[in-house]
Amino acid sequence: MNMPKEIINNTSSRIPDLYKIKDVETLKSFGSYTEVKIWVEKKVGVTLKINGWNQLLKKIHDLSFSVNENIEKMIFLLDEKEHLKELGSFPEAKKKVSALLGLQIKARSWKQLERSLKSIVVAFRNSDMTDSSAIFEKNKIRNFIHSSRLEGIQISDAPALKMTDVLEKYQVKQ
């Protein structure tokens, strides 16, 4: 079934960044299931083998999580063509990228593989996580939490976590 181009364009202008979609009702507000699914597939560049709103939402969440959890590695792979080729032969690289995303990538050349990876990263990345200072802060907090565990201090990864608060809480009182 071919969707008229104007329907896809009208739908795409109404749908926000995919990583911001939180529930089925939000998805339904953008149009019919077919319109939204076709738009997501077009934006991702991969045919999604799903049926229904819940599976579409789950696929969006899974891809968003995969991309944002591995954003540094994906940016590295897309930085230069040679980085992608360091994964091995073309079939091995395609298999590793597919495993990293949790989605079967269909590509017949290095260029198609790079284009598919790039479109998925662009569609699902949280723009805050492509800022190098935001990545540094995220890693700094994660490393602090892990190193604190070595000292016997349990810290949860709360979004409002501030280093000064943690240091003050566990500082030895004299």
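Student: How many aromatic pairs does a search of the whole structure find?
Tutor: This is a predicted model, in which local features need pLDDT of at least 70, side-chain atom pairs count only at pLDDT 80 or more, and totals for chains, interfaces and linings use all residues. Residues are numbered from 1 along each chain as its sequence is written, and side-chain values use heavy atoms, with hydrogens and water left out. Rings of Phe, Tyr and Trp (its six-membered ring) pair if their centres lie within 6.5 Å; planes under 30 degrees apart count as stacked, over 60 as edge-to-face and the rest as tilted. On that basis the search of the whole structure gives two.

Student: What kind of pair do the rings of Tyr 33 and Trp 53 form?
Tutor: Tyr 33 lies in helix H3 and Trp 53 in helix H4 (residues 53-69), so the pair ties together parts that are 20 residues apart in sequence; helices are DSSP runs (H or I, at least four residues) numbered from the N terminus. The ring centres are 5.5 Å apart with planes at 75°, so the pair is edge-to-face.

Student: Which helices does the pair of Phe 90 and Trp 110 tie together?
Tutor: Their ring centres are 5.3 Å apart and their planes at 75°, so this pair is edge-to-face. The parts it ties together are 20 residues apart in sequence, because Phe 90 lies in H7 (residues 90-101) and Trp 110 in H8.

Student: Is Trp 110 buried or partly exposed?
Tutor: Buried means under 20% relative accessible area, exposed over 50%, partly exposed in between (1.4 Å probe, protein chains only). Phe 90, at 18%, counts as buried. Trp 110 has 25% relative accessibility, so it counts as partly exposed.

Conventions
Helix = DSSP H or I, 4+ residues; strand = E, 2+ residues; numbered from the N terminus.
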